[in-house]
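Take a look at the model below.

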Amino acid sequence: MNMGWIKKEMINKVYILFFIFSCGFYSTKGSLPAHIKSIYINSIINESSEATISSLLLEDVTNSLIDENIIEIVGQSVANSRLDITIMSVKDAPNIYGLNTSDEFNQVDEWKIVIDSNVKWIDLINGGELFSKNIKTSAVYGTSADINSDGIDNDGDNLIDSNDDDEFGPPREGAIRISIEKLSRNIISQITSTW
Ligand SMILES: [Ca+2]
Ligand SMILES: [Ca+2]
C-alpha cells in the first residue's frame, strides 16, 4: 500500500463525509417540524422608549401571518409554538452631516432610525427554539414635513417619494413605520424559511 493510494482513499472518505453532511443540511432545510401547526404571539417586550412601536409591530406581524395564511394563530394554552419578540432599542443616528454648506453649525439633514430586536420562535411541544435571531432594521428620514416629498429613498428600495407607496407621513413617524414593516417582513420570512 503506497502513500499515494492512502492519500486518495482519505480524500474519497472526506468527499463522502461532505456528501452526507450536505444531504443532511438540504433535507432538513425547507421542512417545518410536522408537530408545529399553530402559533401564539406573545406580548412584545419593549425595552425602548418608543411606547407605540410594540402595538404597531404586533399588528403588522399578526396581519401578515393571517394574510399570507402561514400558520394558525391561537391562544397560549393550546399553541404548538410561541413567538417571543423583544425590541431592545430604537435609536436615531445622523446619516449625513451638513448638506447645507451655508450652515456653519453643520446641521444634521438626514437621520437614520435603527430598531434593534431579538425574535425567538419557541417549540412548545418538544421544547427548545425553532430559531432565535437578532434583527436590525432601519429607515432614513430628513427634515422635510413629509417623507413623501423629502427626495430621500427612505426604505432603500430604489423608489423615491411619490413613486413609492410606502413613503408617507411625518419624517420620524414615517421612518419608524417603515422600520417596523421591515422587521415584520423579516420575522415572517424567518418563520417561513424554517418550513
Ligand atoms: Ca423608497
Ligand atoms: Ca421619501
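**Core, helix and confidence**

Start with leucine 57: beyond its neighbours within four places in sequence, it is in contact with Ile44, Ile85, Ile180, Leu183 and Ser184. Contact means that two C-beta atoms, placed from the backbone, lie within 7 Å. This is a predicted model: local features need pLDDT of at least 70, side-chain atom pairs count only at pLDDT 80 or more, and totals for chains, interfaces and linings use all residues. Residues are numbered from 1 along each chain as its sequence is written, while chains are lettered from A and ligands numbered from 1 in the order in which they are written.

Leu57 belongs to the largest nonpolar core, which has 26 residues. Such a core is a set of buried Ala, Val, Leu, Ile, Met, Phe, Trp, Tyr and Cys residues joined through C-beta atoms within 7 Å. Buried means 20 or more other C-beta atoms within 10 Å of a residue's own, again placed from the backbone. Leu57, Ala139, Tyr141 and Ala175 touch the most other members. At least two residues each come from α2 (53-67), β4 (81-97), β5 (108-123), β6 (129-141) and α3 (171-192). Helix α3 gives the most, with seven. Helices (H or I, at least four residues) and strands (E, at least two) are DSSP runs, numbered from the N terminus.

Arginine 177 also sits in α3. Arginine 177 is buried because 22 other C-beta atoms lie within 10 Å. Leaving aside neighbours within four places in sequence, its contacts are Leu56 and Gly169.

Now confidence. The chain's mean pLDDT (the predictor's confidence in each residue, from 0 to 100) is 86. Helix α1 (residues 3-28) is lowest, at a mean of 57. Where pLDDT is low, the predicted coordinates should not be read in detail.

How values were computed
Buried ≥ 20, exposed ≤ 12 C-beta atoms within 10 Å, placed from the backbone.
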